[in-house]
Structure formats: C-alpha cells, structure tokens
Amino acid sequence: MELNHLASLEWPKTAALVKEGLSARLLRKLADQLSLGLDELAIPLHLTTRTLHRRMEHGRLSLDESERLLALTKIVAQATEILGSEAKAIHWLKSPVPALRGQTPLACAETQVGLREVEDVLTRIEDVVYS
C-alpha cells in the first residue's frame with residue numbers, strides 16, 4: 001500500500017486497516033518521503049529504536065502505532081495538497097513555524113493535541129490561499 005492511498009481512504013476501510021495493524025514497511029516509506037532516518041521518525045510515532053526495529057522484523061504495527069502513523073501520513077498529505085508540492089510540504093513540516101510557537105510541525109506531531117494544532121495551521125493557510 002502506498003502512503004497517498006492510505007491517507008485518502010474513507011473511514012471504514014482505514015479503521016479496519018488500523019485495527020489489523022499497518023505494515024511496518026510504511027514506516028520506511030514515510031521516513032524516505034520525509035528524508036528522515038527511521039530513528040528520527042520514531043520520535044513522533046512514540047517508538048523506541050528497539051521497538052521500531054522489532055516492528056520492522058515482525059511486519060506489523062500495533063493499533064496505537066498504526067493510528068499515529070496514519071495521523072502523520074494524513075498531515076503530510078494535507079500539507080502537500082495545501083502547499084502545492086511534496087517538497088514544499090516537507091520543508092514546512094521540518095521548519096519552525098511561528099504559529100506553532102516556533103516549533104516544527106513534526107515536533108508538534110508527537111501528541112494528538114499538537115497534531116490538531118498543525119491541522120489548524122494548515123487550514124488557516126488554506127483559507128488564506130483560497131480566499
């Protein structure tokens with residue numbers, strides 16, 4: 001499964017995939033897409049390096065890990081759509097954003113509250129771009 005496809009799935013299908021556990025290969029795909037090492041990606045996903053490598057060997061993520069991966073994948077897709085390109089989205093996700101009190105969107109993505117705030121900022125950007 002591709003990350004863009006995962007981000008665009010409707011709720012019932014997404015819920016079923018998350019419950020069964022997303023493929024750990026998606027971790028590598030997201031890390032590559034964001035030009036991050038797996039260890040760097042582990043932080044917003046709340047995975048220790050050891051757990052991350054175990055998941056890569058096992059092949060499946062837990063329900064909580066799958067939900068966090070899905071949320072981060074959706075943020076990347078939303079940023080790409082609003083900012084107009086994957087390169088711009090990745091740059092934005094890794095750069096300090098004044099509206100996030102100088103934190104990077106990826107750093108904010110470590111919590112659900114932070115993820116909602118990143119979504120909020122993207123919505124405000126979209127409103128300005130399309131108004």
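**Exercise 1. The surroundings of Ser95**

Task: Which residues does Ser95 contact, leaving aside its neighbours within four places in sequence? Is Ser95 buried or exposed?

Solution: 
- Step 1. Set aside the neighbours within four places in sequence; Ser95 is then in contact with Gln103, Thr104 and Pro105. The model is a predicted one.
- Step 2. Ser95 sits in the loop between α7 and α8.
- Step 3. Apply the cut-off. Buried means under 20% relative accessible area. Ser95 has 17% relative accessibility, so it counts as buried.

**Exercise 2. α6 against α7**

Task: At what angle do the axes of α6 and α7 cross, and which residues make the contact?

Solution: 
- Step 1. Read the geometry. Helix α6 covers residues 63–83 and helix α7 covers residues 86–94. Their axes come within 8 Å and cross at roughly 120°.
- Step 2. Name the arrangement. That angle makes α6 oblique to α7. The crossing is right-handed.
- Step 3. List the contact. α6 supplies Ile75, Val76, Ala79, Thr80 and Leu83. α7 supplies Glu86, Lys88, Ala89, Trp92 and Leu93.
- Step 4. Sort by class. The contact of α6 with α7 has seven nonpolar residues, one polar and two charged.

**Exercise 3. α2 against α6**

Task: How are α2 and α6 oriented, and which residues make their contact?

Solution: 
- Step 1. The axes of α2 and α6 come within 7 Å and cross at roughly 135°.
- Step 2. This makes α2 oblique to α6.
- Step 3. From α2 come Thr14, Val18 and Lys19. From α6 come Leu63, Ser66, Glu67 and Leu70.
- Step 4. Three residues of the contact of α2 with α6 are nonpolar, two are polar and two are charged.
- Step 5. Leu70 is buried, with a relative accessible area of 10%. Beyond four places in sequence, Leu70 touches Leu6, Thr14, Val18 and Leu22.

**Exercise 4. α3 against α6**

Task: What are the angle and axis distance for α3 and α6, and what is the handedness of their crossing?

Solution: 
- Step 1. α3 and α6 pack at about 30°, with axes 11 Å apart.
- Step 2. That makes α3 roughly parallel to α6. The crossing is left-handed.
- Step 3. The contact uses Leu26, Leu27, Leu30 and Gln33 of α3. On α6 it uses Leu69, Leu72, Thr73 and Val76.
- Step 4. The contact of α3 with α6 has six nonpolar residues, two polar and no charged.
- Step 5. Glu81 is in helix α6 and is exposed, with a relative accessible area of 59%. Its C-alpha atom is 15 Å from that of Gln33, 48 residues away along the chain.

**Exercise 5. The largest nonpolar core**

Task: Which residues of the largest nonpolar core touch the most other members, and which element gives the most to this core?

Solution: 
- Step 1. The core has 42 residues. Leu27, Leu30, Leu34, Leu41, Leu69 and Trp92 touch the most other members.
- Step 2. Find the contributors. The elements giving two or more residues are α1 (3–8), α2 (11–20), α3 (25–33), α4 (38–42), α6, α7, α8 (105–108) and α9 (112–129).
- Step 3. α6 gives the most, with nine residues.
- Step 4. Follow one member. Leaving aside neighbours within four places in sequence, Leu34 contacts Leu41, Val76, Ile90, Leu93, Lys94 and Leu106.

Terms used
Residues are numbered from 1 along each chain as its sequence is written. This is a predicted model: local features need pLDDT of at least 70, side-chain atom pairs count only at pLDDT 80 or more; totals for chains, interfaces and linings use all residues. Side-chain values use heavy atoms; hydrogens and water are left out. Axes are lines fitted to C-alpha atoms, for helices over the stretch in contact, and angles run from 0 to 180 degrees between N-to-C directions. Helices (H or I, at least four residues) and strands (E, at least two) are DSSP runs, numbered from the N terminus. Angles under 35 degrees count as roughly parallel, over 145 as roughly antiparallel, 65 to 115 as roughly perpendicular and the rest as oblique. A crossing is left-handed if the near helix is turned anticlockwise from the far one by less than a right angle, and right-handed if clockwise. Contact means heavy atoms within 4.5 Å. Ala, Val, Leu, Ile, Met, Phe, Trp, Tyr, Cys and Pro count as nonpolar, Asp, Glu, Lys and Arg as charged, and the others, Gly among them, as polar. A nonpolar core is a set of buried Ala, Val, Leu, Ile, Met, Phe, Trp, Tyr and Cys residues joined through side-chain atoms within 4.5 Å. Buried means under 20% relative accessible area, exposed over 50%, partly exposed in between (1.4 Å probe, protein chains only).
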